[in-house]
Amino acid sequence: MYPLFFKLVLTRIDPERAHHLAFTVIRLLPTLGLGRLVHRFTRPRTDLSVNTLGLHFSSPFGVAAGFDKDGEAVLGLGQLGFGHVEVGTLTALAQPGNPTPRLFRFVADRAVVNRMGFNNHGADAAVARLTRVRTVAGRPVLGINIGKSRVTAVENATADYLRSAQILAPVADYLVVNVSSPNTPGLRGLQELDQLAPLLTAVKGAAGATPLLVKIAPDLEDVEVTRIAALAVELGLDGIIATNTTLSRSGLKTDAATVAAAGAGGLSGAPLHARSLAVLQQIRAVVPAEFCVISVGGVDTAEQVAERLAAGATLVQGYTAFLYRGPLWARQINRGLDRLRSAR
C-alpha cells in the first residue's frame, strides 16, 4: 500500500514536511507500546550479525546520517529493523541550516536533492538524550556524525570539530568526521590531505577509545580516494564511510526544468549507485581486511546491499530509498538478506 500512499498523498506534500510527519511517528514508536512487537516483525530471522569496530551489529544495514539529525528517533529506527543508526550531522554550535525550500524529490530517478546545511540543535543539546539512549537494552548501535559549524571559519575548523568530539565521543559507539557535505561552504576543501591529516589526528586524540571514521565525497578523483584511504590507515582510524551526496546531475531521467528549479545541493539516491560502488571497491583494494568500510549511496534493495557486502563493505547504510520504500524498508532488506543467505 505504501507506493500508492506515496503517489497519492506524500508527493503532494512538501518533502521536508513529509519527512517531519513520518519522523514524528518513528520517534514516538517506543512510547506507543508497539515497538517490541514491531521489532519482532522487522528484525532478521537468520543470523546477519556483523562484528566490527569492537561492536556487535544485529544487521549489516543501518540508517545513514541526515535522517535523524539530533538523535531523537534512534530507538524507533532500531525497532524498524535497522542494525545501527548514525545520527547527525551534529555541529558544535546549534544552527538552523539553509533557508527553505531545501529538499527536493526527483521521483523519476528515485533520488533527492538536499541543501539542508547541517540544521541541528548542537552537540550540547544532544548529549543528555543520547546518554539515555545508550542505557536502553536491545538498542541499535549508535554512530554520531560531526561537522563544522557554519559560522566557524575554515581555518578554525579543527577547534570546532574538537569541541564536538570532546562532547559527543563519550556517548557514541562510533564517531564520524564529515568533511564531505556540499552544503557547508569550504567543508569539502578539508578533504585535501594537507588539511585532512592534522584535522583527523586532532579529532582522533579527542575521541579517545571511541572508534573514529571519516566520511568522504563521491566527487573525489580516484587518486584522491586512494590517498585518503591510505591516510586513514596510516593515522590509525577505524574506518571510512563512502560516500556522501554528489554535486553531479548527469544521466538523470527527471526533466531538465525540474532539475534546474531544485538548484544547488547534494544529490542522493539511485543515480549514485554506480559511483558509490566504485569508490567502495577502490577503498577495499588498498585497506586491510579488518578495516571497516561502510558503503552508502544508491542502495535500495536487499540484492544491492548484498552486492556491497560482496564487494567488501563491512556495513551498508541507506537513507533516500526510505522515502520511496516506506517504514518497512529495513524489514524488506533484512528479509531479503535472509532469503539470499538461505539460497546459498
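Q: How many salt bridges does the count come to here?
A: The count comes to nine salt bridges, a salt bridge being a side-chain nitrogen of Lys or Arg within 4 Å of a carboxyl oxygen of Asp or Glu. This is a predicted model, where local features need pLDDT of at least 70, side-chain atom pairs count only at pLDDT 80 or more, and totals for chains, interfaces and linings use all residues. Residues are numbered from 1 along each chain as its sequence is written, and side-chain values use heavy atoms, with hydrogens and water left out.

Q: What does E16 form a salt bridge with?
A: With R102; their closest N and O atoms are 2.9 Å apart. E16 sits in helix α2 and R102 in the loop between β4 (84–91) and β5 (103–106), so the pair ties together parts 86 residues apart in sequence. Helices (H or I, at least four residues) and strands (E, at least two) are DSSP runs, numbered from the N terminus.

Q: Is E16 buried or exposed?
A: Buried means under 20% relative accessible area, exposed over 50%, partly exposed in between (1.4 Å probe, protein chains only). E16 has 10% relative accessibility, so it counts as buried; R102, at 8%, counts as buried too.

Q: Where do D222 and R275 lie?
A: D222 is in helix α8 and R275 in helix α10 (residues 273–284), so their pairing ties together parts 53 residues apart in sequence. The closest N and O atoms of this salt bridge are 3.0 Å apart. D222 is partly exposed, with a relative accessible area of 41%, and R275 counts as partly exposed at 25%.
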